[in-house]
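Look at the sequence and the model below.

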Amino acid sequence: MTKPATGPLAGLRVVEFVGLGPAPFAAMQFADMGADVIRIARPEATPKIPDPISGRGRPTVEADLKDPVQAEMVRTLCDSADALIEGFRPAVMERLGLGPDVLLERNPRLVYGRMTGWGQTGPLATHAGHDINYIAISGALAAIGPAGHPVPPLNLVGDFGGGAMFLVSGMLAALLSAQRTGTGQVVDAAICDGTVQLMTMAHDLASAGQWQPQRAANLLDGGAPYYSTYECADGRHIAIGPIEPQFFELFRQAIGLDDTANALRAVRHNWPALKDEIAALIIRRPSSEWLALLEHSDACVSPVLDLHEAAQHPHLIARKSFVQLNGLTQPAPTPRFSGTPTEARARPQDVLPLAEAVRAWSG
């Protein structure tokens, strides 16, 4: 088993059925916060996407779920669990005899977390899809990218923001309920639903008449000249976000922008011309000079860093936002807890025998 944890969820038992993307990421959150998580994987299954980081903190158990004996052993494991995470299409777990009706009858306090793109119901529920499809129908994809075409924001908005994190928060709420009542429940976390909720602020702005349907025409989508990225003389980019007038004034003075910009910025029609003016000034000097001048001020200027550079940024080093584990630099557990500190734990390399896992949790 993995190293004993001290996080706020220490003592909590979670069974994870190995999948891709948001489900293992959610399970990683539970493991990072101290839960005792066991991953159930198909024998000799090789993940399509490497997961030495998102698979951390928990051992793997191989089980042929189509084998009645092994499936019953997994059900016995779930009898001692507080929560379960699965990310298969609707009805897959039911066909395996591991659906919520079966497991909740045996273990009424179980919180059964279901992670899908389309949800358990609806006309698309049984169809394949990926992050790009879920955020496309949710209104998010149409709002992201340059004016000419939408751009997938990696799979941050759908899989992880609209999916995994809503699954985690929903399961934690259900676990609190089960603790009070002794009764578990199913948590249906659909990426399309979560992404719709992530768009709440955009809906707020639209309801107030402050949202344009065109991309790169709004305050936070790169349309505003004071909330965008600019290329420097060295080919690097800086990100600027001096939205408030007092912050913009610091930025304006530092780059040598005429004071008429304060009036221009207030009128959306002037944004393209003002953006061109700022770009013409920023391109004259390398990013290192702009950052030396502005990064440690209220002008809201930061370097645009890649994955490897981010781990070397002084602020993230000071915060210990990255850790070294098994020779890999990786994101540290977050958020921070003052009384029950979390710790990233390595995943055991050896596969844990199913019978041993059942004995450990039944004892």
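In this predicted model, Phe251, Ala254 and Ile255 of helix α9 are in contact with Trp290, Leu293 and Leu294 of helix α12. What classes of residue make up this contact of α9 with α12? Six residues are nonpolar, and there are no polar and no charged ones.

Helix α9 covers residues 245-255 and helix α12 covers residues 287-294. Their axes lie 11 Å apart, and the packing angle is about 135 degrees. An angle over 145 degrees would count as roughly antiparallel, so at this angle α9 is oblique to α12. The crossing of α9 and α12 is right-handed.

A second pair consists of helix α2, residues 68-79, and helix α15, residues 354-362. The axes of α2 and α15 come within 9 Å and cross at roughly 25 degrees. Because angles under 35 degrees count as roughly parallel, α2 is roughly parallel to α15. The crossing of α2 and α15 is left-handed. On the α2 side, the contact is made by Gln70, Met73, Val74, Thr76 and Leu77. On the α15 side, Leu354, Ala355, Ala357, Val358, Trp361 and Ser362 take part. By class, the residues in the contact of α2 with α15 are eight nonpolar, three polar and no charged.

Is Cys78 buried or exposed? Its relative accessible area is 1%, and buried means under 20%, so Cys78 is buried. Cys192 has a relative accessibility of 10%, which means that Cys192 also counts as buried under that cut-off. A disulfide is a covalent bond between the sulfur atoms of two cysteines. How many disulfides does a search of the whole structure find? The search finds zero.

Finally, consider the whole chain. The protein chain has 15 helices and eleven strands. Along its principal axes, the C-alpha trace spans about 75 × 45 × 40 Å. The chain has 363 residues, and 42% of them are buried. Contacts within the chain can also be sorted by separation along the sequence. Among contacts with a separation of 6 or more, 64% are between residues 24 or more positions apart.

Conventions
Residues are numbered from 1 along each chain as its sequence is written. This is a predicted model: local features need pLDDT of at least 70, side-chain atom pairs count only at pLDDT 80 or more; totals for chains, interfaces and linings use all residues. Side-chain values use heavy atoms; hydrogens and water are left out. A disulfide is a pair of cysteine sulfur atoms within 2.5 Å. Buried means under 20% relative accessible area, exposed over 50%, partly exposed in between (1.4 Å probe, protein chains only). Axes are lines fitted to C-alpha atoms, for helices over the stretch in contact, and angles run from 0 to 180 degrees between N-to-C directions. Helices (H or I, at least four residues) and strands (E, at least two) are DSSP runs, numbered from the N terminus. Angles under 35 degrees count as roughly parallel, over 145 as roughly antiparallel, 65 to 115 as roughly perpendicular and the rest as oblique. A crossing is left-handed if the near helix is turned anticlockwise from the far one by less than a right angle, and right-handed if clockwise. Contact means heavy atoms within 4.5 Å. Ala, Val, Leu, Ile, Met, Phe, Trp, Tyr, Cys and Pro count as nonpolar, Asp, Glu, Lys and Arg as charged, and the others, Gly among them, as polar.
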